Amino acid sequence: MPTRRLKSTTVFFSICLLTASLARTAWADLANPGFEADGGGMNDWMTFNNEIPNIVIDSGTALEGSNAVKMFGGFNGPSNVTALYQGVNTAGGNVWRGACYVRHNSGDSLVGTGNRLVLKIEFYSAFGGAYGSADFIVEHEIPVLNADSPEDRWLYRTFQATAPANAVEARVSLVFIQPNNEGGAAYIDAVTLENLTTDAPPAWDVIWNDEFNGPTVNTDLWNVADIHYNKNNELQYYAPDDVYIQNGNLVLRSQQRPYWGFDDRGDWRYFDYTSGLVDTRGKFPFVYGRVDIRAKLPGTRGLWPAHWMLSQTGAWPPEIDITEMTGDLPNRIVTSLHWGPLPPGTYPWDIGQTASSVHWGPDYTQGFHNYSMEWLPGLLNFYIDDTVRFSVSRDEIPDETMYLILNTAVGGDWPGSPDGSTILPQFHEIDYVRVSVPADPGYGVASFVDQTSAGATTDSTIEADEYSTSIAGINDGFGDVMGQNSELKIESSGAGELFIALQSATLLSPAGSGGVVIYIDSIGGGAVSTAGINGSADLQQRLASGTGAAGERAKLFFSPGFRADYAVVMGPARAMVYLIFNSQLVPLGGAQVNAPLDLDGGTDFSYRLGAGTEGLRQRELRLPLSRVGMQPGDECHLMATLLDGSNAFRSNEFVGIHSGNWWDGQNPGQADVVLKQGDFVTFTTAILRGDVNTDGAVNGSDLQEFVAALLAAAPSCDAPCYSDMNGDGLTNLADVPLFVEAMIGE
């Protein structure tokens, strides 16, 4: 399996705030997108209608940098409008994607008001044209903040629009609407406007897909229904023979025929209609990402094709409807979100717990079309043919594992029953289904570049300056085993070794059942959650897979951008390294605590526990970088968590790197853990010792550069300083023996 060299970074001990779903350099098309120019200001931004002081720089709530914009109404009559905008050149047909981060704070909230903030993409036939003038062509908008939006946290909002043929300017606008002179303010930061036609489009990595190119339905991916579902007084029996592969498509056939089967009450009876349904329940549950379905829908009176999602728990609602159509209206697509909880005897649409949209387009039964959904924290974007047709921004967006359903119902409350005009059989054809995550790791990613050439030592004593990279524990009470005062330390050496140390706030018994698991994403592919990892043969496997002694599971759903390839387990008495391959844990080696040799009888691994009572707070593991798919100078993603292998209780001491992990605050210590974007660390290992020019080899070119650095007037050098062999910040005679050793060894 080839090593994946992730994009290198020169950021050292800093927080890289990255847009959640944009893969290239953000802000390429806007000036001063973060309101940081000239010490913080509105440079390059224009305002409309209510102007300053209704749009002000705020230095206390910024997402990144020092500043954000605070926007509010003018309190000068009904329907106040305050706007902030900036434009760029465009050509007709260019596809533009606008995005921003927004929030409202509990001290200045929109709750209880009619105030709202919308994000617009506008097009003009003359650059700098006035809104509403002859130069204005068209605008597209989505709501991004209102009274229903969660308070006190940044929310990512995005959508896209295509420039008309005569457009020369594309303009992104943030518009605050104050209909009733009510209080409350919106905060805005990191605004982007990107040309997806000329620039690289937002990159998504496919983590699960079916192209339907095999001879039969892949039952490792799909459940094929053999049942009568009667959720809306439907008439069909879902028969397995109505689900098949033909010409590279999944086909769900709907037909009128006599069929006997059990109904939803368990009674054996006769059905007039059969149809097809497949789902991924128990086979691919996931949280957040993008779903792409290319399909040709069936259309005739009484049919109801759909692509939708339900909770893996079996509870209803929530429900996400990516695509729904009734056969009598083949040019109408409906997309919806339904949420709970529900009072007894009610439905979401009866009590306003539904957000739904209708899009009228071409006849969707006459060819294949793309139906997509982006699912992010607090946001759903629904696409038809790669254009946003509906966006939902509210706190009730599900944050739990859900599964996909593809089906065609016959009859029911919404489409009505087939009649004399109905033509059967009909065929629901699906070309592919793909689930992706943003290629970028998202905002809040900590990036560490290891400058230590010599590395640490597993001598059971953690010295003050031995490890340059440290991740603090994040829990503050519930299920707290090691606590915020604990630290997980990572270090590497130019000789190709990885060191992991645990400095615990509490004593760790070698006879216990708890352990820290470090998941590493260093090569292509990998697992997206511990729900898909199998292994329970011993304590170390249970820790890696999140399994208790009785088979209970603590499911850790990794954040978008992270796919675990390896699991490094620091158990109470043994450390192990596993490759995660085809959902199985493949052991790659390990060591008992304080054993003179590793489990293979060699010295590649060492696992040391400190001496005495205080020593029970410290443990150190050394292993070859190659055992986790890396070489010196490679970059990987990693994250860590703590689990009790006896009962699968996850305490989350080291989940991600953010003390503000929202899910930890909501459900600390729960079995199922959902991570937001960026809850992992990016770690670049130290380069090969002596490789002064960082070309992956130690040779004469390195000798020339080392001598030049040695003879330089100033012996000190700025990090990264690869001529500094002993890591003291200087290039001097003390480095010569180490460089010679590296040359000879090469």
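This report walks through the fold of one predicted chain, from its overall make-up down to single residues.

## Ground rules

The model is predicted, and local features need pLDDT of at least 70, side-chain atom pairs count only at pLDDT 80 or more, while totals for chains, interfaces and linings use all residues. Residues are numbered from 1 along each chain as its sequence is written, and side-chain values use heavy atoms, with hydrogens and water left out.

## The chain as a whole

The secondary structure comes to 5 helices and 43 strands; helices (H or I, at least four residues) and strands (E, at least two) are DSSP runs, numbered from the N terminus. Of the 746 residues, 55% count as buried. Here buried means under 20% relative accessible area, exposed means over 50%, and partly exposed is in between, using a 1.4 Å probe and protein chains only.

The chain exposes about 28,400 Å², and carbon and sulfur atoms supply 50% of that area; accessible areas come from the Shrake-Rupley method with a 1.4 Å probe, and for residues only the protein chains shown count as cover. Among contacts with a separation of 6 or more, 70% are between residues 24 or more positions apart. A contact means heavy atoms within 4.5 Å.

Two strands pair if DSSP finds at least two bridges between them. Inside this order, β18 (residues 277-279) and β27 (residues 402-410) are antiparallel partners over 3 bridges, and V278 stands opposite L406 in β27.

Those two residues turn up again around L250. Setting aside neighbours within four places in sequence, L250 is in contact with F212, V217, V243, Y244, I245, V278, L406, H428, E429 and I430. The largest nonpolar core has 43 residues, and L250, I320 and W375 touch the most other members. A nonpolar core is a set of buried Ala, Val, Leu, Ile, Met, Phe, Trp, Tyr and Cys residues joined through side-chain atoms within 4.5 Å.

## Strand β40 and its partners

Strand β40 (residues 635-644) has 9 of its 10 residues buried, so it is largely enclosed by the rest of the structure. Strand β33 (residues 514-521) runs antiparallel to β40 and is joined to it by 8 bridges; V517 stands opposite T641 in β40. Strand β43 (residues 681-684) also pairs with β40 in the antiparallel sense, over 4 bridges, and T682 in β43 is the bridge partner of H637.

Strand β41 (residues 649-650) is joined to β40 by 2 bridges, again antiparallel, with F649 in β41 as the bridge partner of D644. β40 and β41 form a hairpin with 4 residues between them, and A648 in the turn has a positive phi of about 60°.

K489 lies in strand β31 (residues 487-493) and, at 10% relative accessibility, counts as buried. The side chains of K489 and E487 are joined by a polar contact of 3.2 Å. A polar contact is a pair of N or O atoms within 3.5 Å; within protein, one must be able to donate a hydrogen and the other to accept it, and residues adjacent in sequence count only if both atoms are side-chain atoms. Beyond four places in sequence, K489 is in contact with I462, Y467, T469, S470, F499, I500, A501 and Q503.

Y85 sits in strand β5 (residues 80-89) and is buried, with a relative accessible area of 17%. Y85 and D44 are 41 residues apart in sequence and 9.1 Å apart in space, C-alpha to C-alpha. V95, in strand β6 (residues 95-103), is partly exposed, with a relative accessible area of 22%. Among the residues in contact with V95 are Q160, A161, E194 and L196.

Helix α4 (residues 700-711) has 12 residues and reaches 17 Å from its first C-alpha to its last, close to the 16 Å expected at 1.5 Å a residue. The expected span is 1.5 Å times one less than the number of residues. At the start of α4, a side-chain oxygen of N699 reaches to within 3.2 Å of the backbone nitrogen of S701.
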